[in-house]
Amino acid sequence: MNNLVQSEVRHRQIVNDLTIGVYVATPDDHIVEANPAFLKMTGYASLEAINQVGMPALYADPADYQRLITMLQQGPIVGFETLFHRPDGQIVNISISVRQVQESGVAPYIEGFLEDITERKRLEREIQDSLARRSTEVQISTEIAQEIAAAPVLEELFQRVVTLIKERFDYYHAQIFRYDPTLDAVVLVTGYGEAGRRMLAAGHKLAMGRGVVGTAAATGQSILATDVAQDKDWRPNPHLPNTQGELAVPIKLRDEVLGILDVQSEMAGALTAEDQLLLEGLCGQIAIAIDNVRLVEKTQAALAESQSLLRLSSSIISFENLPHLLQSVVDNVAELLPANRVSLIGFNLEKHVVTHFVKGGPGSSKILTTVTFDELWDGLSGWALRERKPALSLKDVPDPRESPVVQQRRLDTDCGAIIVTPLIYRDRVLGAMTAINRPDEANFTQKNVDLMVAMANQVAVAIENTRLLEETQNALNEVQQSEELMRTLIDNIPNPIFYKDVHGVYQGCNVAFEKYLGRPRDQIIGRSVFDIAPKDLADKYHAKDVELFEQPGTQVYESAVVYADGARHDVIFNKATLFSPDGAVAGLVGIIIDISERKQFEASLTAERNLMRTLIDALPDYIYVKDVQGRNILVNAAMARAYGLDAPEEAIGKSDFDFYPRELAERYYAAEQPILREGKALIGFEEPSIDATGRPIWHSSTKVPLKDQEGKIVGLVGITRNITERKQTAEALRQHEVQMQEMLDELERLNRALTREGWQSFLQTGQLVPAYRYDQSTIQPAQDLWTPQIEQAIQQNALVPSGEESEAAVAPISVRGTVIGALGVYDDPQHPLSPDELTLLQEILEQGALALESARLYQDTQRRAARERLVGEVTGRIRETLNVEAVLRTAADEIRQALQLDRLVVRLGTPGEDAVRRIEKGNQDVEQD
């Protein structure tokens, strides 16, 4: 007895020490026992106080209490979450587990356990809020990355970055800095709003290694100052008076810091490590976008420069007259650079005189042609000629290389930025070429200088060659009677020169021609090209000579020659016919200009173009370039195939109206107008279309504006991808989901109907019906329905499709290889089930069979648990009895009640003998010896 008391005391002490609330109540919710944790959670001082207001008063929502009572009638409840309203007004989150207890000889009661989950709920809400905020930030970051990726130039890219980051993330301010090596400082390149414009106008910059931005630039690491007031080195900016927190993140591509993204907050502590992580990821996207824009700009600039040089070279070759050549040069330079006005001045430095003065460009009227040699010599032209290098002079900045007189003339003639490039050929100064912009126009850049130097080199060669050719032709006409004078002249010309008679036999040459052939003059004179050149080249030279003799005049063409060292060079032949005193053709004179370097450059440019062409033709996406009228300038092979063409060249000059129905072409044309008019890029736009056969398809297109060097939109570049298969797959999946859901709904209705009908039949007859027939509205027992097909499906454990002999498709219902039933479906001959629908039926039956098996296992488990519980209860009551007779009485009574028997008899005795004792439990107990 003492042990029981001690056990009871220990049990009660353990309950009282629990942190979860424990209580015991009667079925009418009168609490009879509770531990201190229960009182603490409910906020009441005693059980009497709680019983006075009643259990329902504890619930903040009375409906929760009613739901709990309803659920309790079905069985024990675990983890029911609700809100308790404490008497002090506080609301707490509670998790309740409760069960009903029924013991023999004891009135039923309720056991409950309470757990305070307020803190857990708060943490869950914080996690959900954090996830939602992070999801929003990731979405905004993705949108920003997509928008900045479409920026065509760096200035627009930077402006988009600061605008989007400031507005989307609601920072106080955003700005971007870049390192300037000339100042050894980071300078502002773009800032948000009016404050950003003011700081940019003031040339805002920060020293390297100082402050948040300078430290981030020097270290290449993000710097976060959550409270700038705590940073002794931080200095406020008068344009941003409300700054309380600052975060500087390097924009890095590999190990190169391309810039610094700086954001600021109006509240201390508002900027966190999450902002740093977010912006670091975004800066990676910004760095890639910057690199892409720089690469595009560099490629476009290189291509434009190459095209400009090629066009200039082509125009130079076509002129034979020096004045016409010079005028063409200045006009082309003004257009290609571009510049407001260009002048080309030829100098004779020995005599200090101007030999040529040519001007061009839209502002050429501002150029004074009356300027003296001395005044030019005191300006940038003289400096460039003396130093033998180009001079770049920016607008609005006095240039100390100019005299005061020249500086004043520069103001009087509306001059802004200036480039002067000397014209030098083989260390000989021929003159200077000058490009000028107005003060209201942009400064020239170093790229402009490099382009002008390249053009000046070609111009110098062309001037010298043209001059040499003119001098040669004049000399030949004037000194036909003086061969010695002619030889003296041409021998001093560095380019190879020769002359032939009408039969193609060499009559003379200069020293340079001898060196070119690698043989003395006496081995050249009297021979033809067939004696001194490879046959393939000799045939070409001879044919061109015959052509010139048949059409007297001048002849300029490119060809290949073999130098004395055996190497082939590309050259330009300049030839002219010689006439006898009577006007008959007497022969020809020619000069050779080596253009091997230029040809190598052209070959490299061609190889790059071929590489680009091969690349875009190998891509499966449609790539195309259109002009402002929507006509194709370039298409790749995939685009040509989409048009139904054999080659991309067939699409050049044509528009969408030539390949698509007018309605579709007009829609494409309208969608492209904002790109061509306003420069708005179209990214990932999905739209319906048709292929070359007229079959409907879907496209995803990205289109961006194409601009020239001046930033003017001259067309668009597009990439289109065929996404028809993706669209069709999505639609097929949607239809498959709809079909599956309909069949699942139908099977669910069938299962409910079968369950209801089966129970009714069992209750009425005591037997289960072997089969049912279901027609979507009613279900009826069926004794003989599709018996052969059902037997076949059960025996073979395989689907039996409908056929000529049967209108039903029957599928077995099996669990782990054991058939437990079958399902037959009427197959309408007018609309038979497809293979996909039959497969779907089998899949659903497999899931249904598993569900039936799970239900059976659950019922078996419940029955075993009930049986074990019953045995335990009977055994427990028997153990309380101290003699055999009482044991038998208790056992008989408990077994009869548990099994709901009217009568139960227990006989005592040995095998083969009459009963010694008979106990019968029923309505009237009977005992007999």
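Me: What makes strand β20 and strand β21 a pair?

Reply: In this predicted model, strand β20 (residues 568-579) and strand β21 (residues 585-594) are joined antiparallel by nine bridges. Pairing needs at least two bridges, so β20 and β21 qualify with their nine. One of the contacts along the way is T577, whose bridge partner in β21 is L588.

Me: And what else packs there?

Reply: Helix α19 (residues 596-618) packs on the sheet and touches β19, β20 and β21, its direction making about 125° with that of β20.

Me: Why do β18 and β19 count as the edges of the sheet?

Reply: Happy to go through that one! The open sheet has five strands in the order β18-β17-β21-β20-β19, with antiparallel pairing. β18 (506-509) and β19 (554-562) each have a single partner strand, so one side of each has no neighbour in the sheet. On average, neighbouring strands here are turned by 25° against each other, direction ignored.

Me: Why is the pair of F347 and F373 called edge-to-face?

Reply: The ring centres are 5.6 Å apart, and pairing asks for centres within 6.5 Å. The planes stand at 75°, and angles over 60 count as edge-to-face, so that is the name for F347 and F373. This pair links strand β12 (residues 341-348) with helix α11 (residues 373-377), its residues being 26 apart. F347 and F373 are both buried.

Me: How do you know that K544 sits over the ring of Y557?

Reply: The charged end of K544 is 4.7 Å from the ring centre of Y557, and the distance cut-off is within 6 Å. Y557 also belongs to an aromatic cluster, with F498 and Y541 among its members.

Definitions and conventions:
Residues numbered from 1 in each chain as written. Predicted model: local features only at pLDDT ≥ 70, side-chain atom pairs only at ≥ 80, totals over all residues. Heavy atoms only, no water. Phe/Tyr/Trp six-rings, centres within 6.5 Å; stacked < 30°, edge-to-face > 60°. Helix = DSSP H or I, 4+ residues; strand = E, 2+ residues; numbered from the N terminus. Buried < 20%, exposed > 50% of the residue type's maximum accessible area, 1.4 Å probe, protein only. Lys NZ or Arg CZ within 6 Å of the ring centre and 35° of its normal. Axes fitted to C-alpha atoms, helices over the stretch in contact; angles between N-to-C directions. Contact = heavy atoms within 4.5 Å.
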